[in-house]
Amino acid sequence: MARRSKKYMNPDELPEVLRAEDIQSFLDIGRVQAYELIKTEQFRSVKIGRSIRISKKGFLKWFEGTEAS
């Protein structure tokens, strides 16, 4: 059975460690778009087995445009 992800409307609602599904929900984008965004390496992600995890802090810095290139 497919897991339904929570719809995040506010950055404060995001968990401290994000999954691709969390980014998808927060940005209101498709699954493929979320994984393509992660692959751009504009923010740090960690692969653990087949799972990808992203720091909320790093993601929000990227989202807000405060991350140095």
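Mentor: Two strands are said to pair if DSSP finds at least two bridges between them. Strands (E, at least two residues) and helices (H or I, at least four) are DSSP runs, numbered from the N terminus. With those terms, L18 stands opposite I54 in β3. Please note that this is a predicted model: local features need pLDDT of at least 70 and side-chain atom pairs count only at pLDDT 80 or more, while totals for chains, interfaces and linings use all residues. Residues are numbered from 1 along each chain as its sequence is written, and side-chain values use heavy atoms, with hydrogens and water left out.

Trainee: How many helices and strands are there in the protein chain?

Mentor: The protein chain has three helices and three strands. Along the sequence, they follow the pattern β-α-α-β-β-α.

Trainee: In what order do the strands form the sheet?

Mentor: The order is β1-β3-β2, in an open sheet with antiparallel pairing. β1 (17-18) and β2 (45-48) are the edge strands, each pairing on one side only.

Trainee: Over how many bridges do β1 and β3 pair?

Mentor: Two bridges join β1 to β3, which spans residues 51-55.

Trainee: Which face of β3 is covered?

Mentor: The covered face carries I52 and I54, whereas S51, R53 and S55 are on the uncovered one.

Trainee: What is I38 in contact with, apart from its neighbours within four places in sequence?

Mentor: I38 is in contact with A20, I23, F43, S45, I52 and I54. Contact here means heavy atoms within 4.5 Å.

Trainee: Which residues of α2 are buried?

Mentor: A34, L37 and I38 are the buried ones in α2. Viewed down the axis of α2, the buried residues fall within an arc of 100 degrees, so they line one face of the helix. That arc is taken from the directions from the helix axis to the C-beta atoms. V32 and K39, on the other side of α2, are exposed. The cover over the buried residues of α2 includes α1, β2, β3 and α3.

Trainee: What follows α2?

Mentor: E41 follows α2, with a positive phi near 60 degrees.

Trainee: A change of topic: how many aromatic pairs does the structure hold?

Mentor: It holds seven aromatic pairs. One of them, F59 with F63, is stacked, at 6.3 Å centre to centre and 20 degrees between the planes. Rings of Phe, Tyr and Trp (its six-membered ring) pair if their centres lie within 6.5 Å; planes under 30 degrees apart count as stacked, over 60 as edge-to-face, and the rest as tilted.

Trainee: Where do F59 and F63 lie?

Mentor: Both are in helix α3, four residues apart, about one turn of the helix. W62 and F63 form another pair, which is tilted, at 6.5 Å centre to centre and 50 degrees between the planes.

Trainee: Is F59 buried or exposed?

Mentor: F59 is buried, because its relative accessibility is 0%. F63, by contrast, counts as partly exposed because its value is 41%, and W62 is also partly exposed, at 22%.

Trainee: Which residues do ring pairs link into a cluster?

Mentor: The cluster consists of F26, F43, F59, W62 and F63.

Trainee: Finally, what percentage of the protein chain counts as buried?

Mentor: Of its 69 residues, 26% count as buried. The chain exposes about 5400 Å², of which carbon and sulfur atoms supply 48%; such areas come from the Shrake-Rupley method with a 1.4 Å probe, and for residues only the protein chains shown count as cover.

Terms used
Buried < 20%, exposed > 50% of the residue type's maximum accessible area, 1.4 Å probe, protein only.
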